[in-house]
Amino acid sequence: MPYPPPPRTPSGPRRRTLLASAAGAALLVGCSAGPDPAHAGGTPSVTARVRARAALDSAGLLEHYDAVLAAHPALARRLRPLRAEVAAHASAFGGTSATKSPSPKASTASPTVPATEKDALAELAAAERALADRRAKALLDVEGELARLMASVAAAGAVHAYLLTEGAK
């Protein structure tokens with residue numbers, strides 16, 4: 001006698017798939033290229049500009065995580081692993097050394113955090129999702145090792161957004 005199908009088939013990726021993807025992305029993030037050989041003279045190459053922008057974006061996202069953790073300490077256990085990955089992303093893109101020049105999009109004020117934990121998680125997920133989308137689009141402008149790094153970090157950001165969204169339910 002065959003077993004009946006499960007009452008509800010879960011939609012979307014399974015938890016094991018997401019965790020394996022996140023682990024794979026974390027392994028890939030450790031690989032970063034050295035200085036751009038196309039960087040000659042006084043003007044930075046497209047690769048150098050994209051790398052600097054990615055480092056600045058990661059630093060901004062890290063500030064967002066820090067603001068949420070300061071406002072909602074009860075979320076620390078859940079957010080610290082994700083924050084650690086974002087810090088690794090910033091480091092892989094060159095960290096603070098690549099972000100010395102100020103950008104018009106860079107904000108010196110710390111991000112505002114919603115009063116409820118659920119809203120704070122939703123806002124953080126939206127920030128992760130938006131950054132992952134921008135990085136996926138930036139892949140068209142670079143090649144080689146930086147493109148691989150951008151792809152893996154964009155994938156990790158999408159996984160972070162999923163985990164933050166699913167946990168907020």
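Reader: Is Asp66 buried, exposed or partly exposed?

Author: Asp66 counts as partly exposed, at 33% relative accessibility (buried is under 20% relative accessible area, exposed over 50%, partly exposed in between; 1.4 Å probe, protein chains only). The model is predicted: local features need pLDDT of at least 70, side-chain atom pairs count only at pLDDT 80 or more, and totals for chains, interfaces and linings use all residues. Residues are numbered from 1 along each chain as its sequence is written, and side-chain values use heavy atoms, without hydrogens and water.

Reader: With which residue does Asp66 form a salt bridge?

Author: A salt bridge is a side-chain nitrogen of Lys or Arg within 4 Å of a carboxyl oxygen of Asp or Glu. Asp66 meets Arg83, with 2.5 Å from N to O. This pair links distant parts of the chain, since Asp66 is in helix 2 and Arg83 in helix 3 (residues 76-92), 17 residues apart (helices are DSSP runs of H or I, at least four residues, numbered from the N terminus). Arg83 is likewise partly exposed, at 24%.

Reader: How many salt bridges does the whole structure hold?

Author: The search finds four. One of them joins Arg134 to Asp57, whose closest N and O atoms are 4.0 Å apart. Arg134 lies in helix 4 and Asp57 in helix 2 (residues 46-71), so this pair ties together parts 77 residues apart in sequence. Asp57 is buried, at 13%, whereas Arg134 is partly exposed, at 45%.

Reader: How far apart are Arg148 and Glu145 in helix 5?

Author: They are three residues apart, which means a separation of about one helical turn. Their salt bridge has its closest N and O atoms 3.1 Å apart. Arg148 is exposed, at 51%, and Glu145 partly exposed, at 25%.

Note on methods:
Helices (H or I, at least four residues) and strands (E, at least two) are DSSP runs, numbered from the N terminus.
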